[in-house]
Amino acid sequence: MNAAEKGERYARIFRKAGVFFGKSNIARAVEVLKEGKALADELGDRTMAERFAREIETVSASQEPPK
C-alpha cells in the first residue's frame, strides 16, 4: 500500500469518527478511532498510531462529566 492509499484510509476513518462524534455517539466514534489505531499498528505506521491514540483520549475525555 502506497502513502496515498494509506492517507485515504486514514482520512476516511477520521471522517467517519467525526460523523459519530457530531451525532454525540461518542462510544462509536471511539470504536472507529480504535479501528484506525489498529490499522496503523498493522501497517507499522507509528506516527499515525500515536495520533489515533491521542484522538481516542480527547474524544473519551469529552464523554466524562464535568468535575
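Mentor: Let us begin with the naming of the elements: helices (H or I, at least four residues) and strands (E, at least two) are DSSP runs, and they are numbered from the N terminus. Ser24 lies in the loop between α1 and α2, and at 60% relative accessibility this residue counts as exposed, where exposed means over 50% relative accessible area, buried means under 20% and partly exposed lies in between (1.4 Å probe, protein chains only). The phi angle of Ser24 is near 60°, which is a positive value in a residue other than glycine. Most residues other than glycine have a negative phi.

Before we go on, please keep in mind that this is a predicted model, in which local features need pLDDT of at least 70 and side-chain atom pairs count only at pLDDT 80 or more, while totals for chains, interfaces and linings use all residues. Residues are numbered from 1 along each chain as its sequence is written, and side-chain values use heavy atoms, with hydrogens and water left out. The score called pLDDT is the predictor's confidence in each residue, from 0 to 100. The chain averages a pLDDT of 92, and 94% of the residues score at least 70; confidence is highest in α2, at 96, and lowest in α3, at a mean of 92.

Now to the aromatic rings. A search of the whole structure finds two aromatic pairs, and here rings of Phe, Tyr and Trp (its six-membered ring) pair if their centres lie within 6.5 Å, with planes under 30 degrees apart counted as stacked, over 60 as edge-to-face and the rest as tilted. Tyr10 and Phe52 form an edge-to-face pair, 5.8 Å from centre to centre and with 65° between the planes. Because Tyr10 lies in helix α1 and Phe52 in helix α3, this pair ties together parts that are 42 residues apart in sequence. Both partners are shielded by the accessibility rule given above: Tyr10 is buried, with a relative accessible area of 5%, and Phe52 is buried, with a relative accessible area of 0%. The rings of Phe14 and Phe52 have their centres 4.5 Å apart and their planes at 5°, so this pair is stacked. Taken together, ring pairs link Tyr10, Phe14 and Phe52 into a cluster.

A charged residue also belongs to this picture, for Arg51 lies over the face of Phe14, at 4.7 Å from the ring centre. A charge sits over a ring if NZ of Lys or CZ of Arg is within 6 Å of the ring centre and within 35 degrees of the ring normal.

Side chains of opposite charge can pair when their charged atoms come close. The structure holds five salt bridges, a salt bridge being a side-chain nitrogen of Lys or Arg within 4 Å of a carboxyl oxygen of Asp or Glu. One of them joins Lys6 and Asp45, whose closest N and O atoms are 3.9 Å apart. This pair links distant parts of the chain, with Lys6 in helix α1 (residues 3-22) and Asp45 in the loop between α2 (26-43) and α3 (46-63), 39 residues apart. Lys6 counts as partly exposed at 21% relative accessibility, whereas Asp45, at 16%, counts as buried.

Other salt bridges lie within a helix. Asp41 forms one with Lys37, the closest N and O atoms being 3.0 Å apart, and both residues lie in helix α2, four residues apart, about one turn of the helix. Asp41 is partly exposed at 45%, and Lys37 is partly exposed at 28%. In helix α3, the side chains of Arg46 and Glu50 meet at 3.2 Å, N to O, and because they are four residues apart, about one helical turn separates them. Arg46 counts as exposed at 65% relative accessibility, while Glu50 is partly exposed at 37%. Finally, Arg28, Glu31 and Glu35 are linked in a network of salt bridges.
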